[in-house]
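Hi there,

Here is the structure I promised to pass on to you. Have a look at it first, and then read on for what I found.

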Amino acid sequence: MPKDRSELPPVEELLTAAVTGLGGVERPGQVKMAQAVGDAIESEEHLAVQAGTGTGKSLAYLVPAIRHAAESGDAVVVSTATIALQRQLVDRDLPRLADALESLLPHRPEFAILKGRRNYLCRHKMAAGMPEDEDDQLFDPREVSATGRMVQRIQDWANETETGDRDEIVPGVSDQAWRQFSVTARECLGAQRCPSGADCFAELARERAGEADVVVTNHALLAIDAMEDFAVLPEHDVVVVDEAHELVDRVTSVVTGELSESTVSLAVRRAGRLIEQGVADRLQEAGEDLRALLAVAPPGRVDTLPQSLGMTLALVRDAAFACITALGPRNKDKDDPENAGLRKAAFTALDEVHDTAQRMLDAFGPAAGGDGAGDDEDMDSPGSQDSARSRDSARSRDSASSGGANGGGTDARSEEVHRAEVVWLEEGRGRIPPTLRVAPLSVGGMLRDKLFGDRTVVLTSATLALGGTFDSLSRQWGLRAGEWTGLDVGSPFDHPRRGILYVATHLPQPGRDGLPEAYVDEIAELIEAAGGRTLGLFSSMRAAKAATEALRERLDVPLLCQGDDSTSQLVKQFAGDPATCLFGTLSLWQGVDVPGPSLTLVIIDRIPFPRPDDPLASARQRHVAATGGNGFMAVAATHAALLLAQGAGRLLRSMDDRGVVAVLDPRLATARYSGFLLNSLPPFWRTTDPAKVREALRRLTADA
Ligand code: SF4
């Protein structure tokens with residue numbers, strides 16, 4: 001064991017020891033990637049690495065990461081998008097890697113997992129028995145209800161747990177039940193002030209992370225650490241972002257604000273116990289106005305601010321501000337922790353309501369944000385083009401006169417260029433009321449400043465090079481040419497020999513009216529040729545269900561559809577019986593890992609463009625177009641390419657796998673953008689001949 005950091009073996013030697021220790025074989029792509037990650041860390045240059053399935057990319061970044069931690073004494077943060085990968089790293093890869101490398105390093109590599117504060121049991125909230133946040137009418141823990149039973153299970157588990165980590169509770173519990181025992185980072189009193197601070201589970205997890213060489217976390221916490229004023233991750237100068245194709249979506253979720261009757265009611269309940277009734281009632285009334293307005297408003301993007309909405313948002317904002325003022329100074333009860341907890345919870349909910357209402361008003365420009373005055377239009381009556389133009393002109397004049405960002409611009413294009421955030425209304429579902437959301441059009445600038453600014457970042461995934469280059473994703477990350485290096489280490493799979501990409505050019509283009517009959521016939525013929533063994537990836541749940549219903553009558557193979565059971569159970573059944581087929585939508589596009597003959601055919605019904613009514617995607621597309629770019633290619637085609645590559649990536653999961661990816665949408669071969677999409681897919685052998693592909697499937701089935 002080297003005593004001195006300067007005696008550390010090079011990355012290549014450590015990788016060989018790791019691969020040998022884990023009983024694997026060294027692969028050229030893995031060696032290349034490990035060297036590149038080591039070099040990037042050394043030269044402090046950001047690196048994006050595409051590494052196909054089977055490369056062994058976890059080891060390729062963990063080995064140089066561990067070496068750097070041993071050399072520098074600082075932790076390396078590894079961020080993933082899914083719990084499955086976090087578990088794989090912490091439960092499988094890292095313990096075995098620590099065993100394999102221990103003798104070559106100054107100390108045995110230590111690792112820890114760190115999640116957001118709300119994932120840990122809050123001892124203070126539990127001990128103080130703080131009043132429920134939930135609406136009494138909706139939730140009564142005394143009732144023998146599913147939630148009541150979950151609450152009881154959490155209380156029993158709380159007496160035994162050593163980590164306080166919610167994921168330990170099996171089966172899992174609902175968010176509603178868990179909220180009774182957890183706090184967000186903003187609601188936490190802080191370990192110094194909290195009576196339970198010394199035993200706090202979240203603090204203990206942070207302490208363990210502070211001593212680790214590798215800290216495994218998720219993209220959401222990474223984003224919070226980078227964006228917020230307070231540090232949640234231990235000091236680090238290197239971050240590895242695995243599943244990096246998910247980074248932008250996860251960061252966008254973190255910075256998306258929401259406002260609804262529920263968020264306002266929560267703030268009223270929390271503040272109502274601490275302030276004069278009349279002040280809290282004002283916020284309650286503003287929340288009711290908001291509820292009434294949103295109940296009749298059409299869901300979708302809010303392009304121009306209707307006067308009614310502008311006034312209501314201003315009402316909500318001002319009423320929340322009055323409650324905040326009524327609560328008094330923020331640190332007034334330092335010596336009364338119980339009351340401090342209640343006040344902190346109230347401040348957090350009120351701040352959220354106030355800041356989100358203001359942010360939504362700001363999204364429409366300074367005129368809207370100032371006095372709550374909006375456009376002279378009812379929310380559910382779309383205005384004519386002329387009135388829209390006059391509104392745009394009016395806002396531009398306002399902006400110009402107040403020195404606003406719109407300057408002298410007078411048209412919608414100018415407004416689009418300067419717009420930074422988009423607001424949209426989401427329909428209510430079940431107990432979830434209609435909700436207004438606000439999100440940035442781009443998180444690139446934020447990532448550039450906050451994440452890439454002062455640390456070395458390695459981004460990796462099996463799908464980063466879209467249309468053959470890293471440009472699309474690097475733009476979304478906010479990285480400029482010269483600030484990063486891209487590397488594609490390829491895949492150990494022999495794609496042209498092991499897989500076929502079949503595009504059904506004889507089929508009609510997919511329409512808006514559900515799954516065409518010809519598609520159902522094509523799917524039936526392909527599945528018959530494959531003898532089952534099919535993963536059907538549909539662009540909507542409606543299409544997946546329609547195909548399942550139609551084909552259950554026609555085929556005599558078991559057909560599972562997402563939603564019949566939990567997705568993990570369905571995937572288990574699918575993997576266990578080769579004749580079984582599984583149909584579903586988004587989570588199956590990325591989450592299925594079934595090596596072997598159970599998965600021989602992947603069917604994709606249509607190119608997965610974002611839905612035309614997707615508010616964020618359509619606003620982003622329009623924004624790119626307004627700034628002179630190609631909005632369709634930068635947003636819709638990029639989104640589709642990423643999902644297609646992920647979907648096609650379900651086919652080959654081990655060196656022995658063989659099969660077919662069948663895309664029914666003929667546009668993949670015929671449209672002007674098809675080259676970009678095809679270049680994003682693995683280099684399978686291609687055909688458009690249905691007879692050839694059915695013959696190949698029959699041969700594969702006979703060989704299996
Ligand atoms: S420090 Fe924060 S999270 Fe920990 S027990 Fe106290 S209030 Fe809860």
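Residues 24 or more positions apart account for 76% of the contacts in the protein chain, counting those with a separation of 6 or more. Please keep in mind that this is a predicted model. The chain has 704 residues, and 53% of them count as buried. Its secondary structure comes to 29 helices and 18 strands. The accessible surface is about 30,900 Å², with 48% of that belonging to carbon and sulfur atoms.

Let me start with strand 2, which covers residues 75-80. Six of its six residues are buried, so strand 2 is largely enclosed by the rest of the structure. Which strands does strand 2 pair with? One partner is strand 5 (residues 236-241), joined in the parallel sense over five bridges. Another is strand 4 (residues 214-218), which also runs parallel to strand 2 and is joined to it by five bridges. S79 is a handy residue for finding your way here, as it stands opposite V241 in strand 5 and opposite T217 in strand 4.

If you want a pair to look at, E421 stands opposite P440 in strand 9.

As you know, side chains of opposite charge can pair when their charged atoms come close. The side chains of E258 and R437 meet in one of these salt bridges, at 2.6 Å from N to O. E258 lies in strand 6 and R437 in strand 9, so the pair ties together parts that are 179 residues apart in sequence. Are the two partners buried or partly exposed? E258 counts as partly exposed, at 33% relative accessibility, whereas R437 is buried, with a relative accessible area of 17%.

Another salt bridge is formed by the side chains of R552 and D564, with 3.0 Å from N to O. This pair links distant parts of the chain, twelve residues apart: R552 is in helix 22 (residues 541-554), and D564 is in the loop between strand 14 (559-561) and helix 23 (567-576). R552 counts as partly exposed at 43% relative accessibility, and D564 is partly exposed too, with a relative accessible area of 46%.

There is also a network to look at: D99, E102 and R108 are joined into one by salt bridges that share partners. The side chains of R92 and D93 meet in a salt bridge as well, at 3.3 Å from N to O. Here R92 counts as partly exposed, at 44% relative accessibility, but D93 counts as buried, at 5%.

Now to the ligand. Which residues are around it? They are R117, C122, R123, H124, V183, C188, L189, C194 and C200. By type, the shell divides into six nonpolar residues, one polar and two charged.

Finally, a word on S680. Its place is in the loop between helix 28 (674-678) and strand 18 (685-687). S680 is buried, with a relative accessible area of 8%. Leaving aside neighbours within four places in sequence, S680 is in contact with A465, L466, G467, A641 and A645. The C-alpha atoms of S680 and L643 are separated by 9.8 Å, and these two residues are 37 residues apart along the chain.

Happy browsing, and do write back with any thoughts.

Best wishes

Definitions and conventions
Residues numbered from 1 in each chain as written. Predicted model: local features only at pLDDT ≥ 70, side-chain atom pairs only at ≥ 80, totals over all residues. Heavy atoms only, no water. Pairing = 2+ DSSP bridges. Helix = DSSP H or I, 4+ residues; strand = E, 2+ residues; numbered from the N terminus. Buried < 20%, exposed > 50% of the residue type's maximum accessible area, 1.4 Å probe, protein only. Contact = heavy atoms within 4.5 Å. Areas by Shrake-Rupley, 256 points an atom, 1.4 Å probe, with all protein chains shown as cover. Near = heavy atom within 4 Å. Nonpolar A, V, L, I, M, F, W, Y, C, P; charged D, E, K, R; others polar. Salt bridge = Lys/Arg side-chain N within 4 Å of Asp/Glu carboxyl O.
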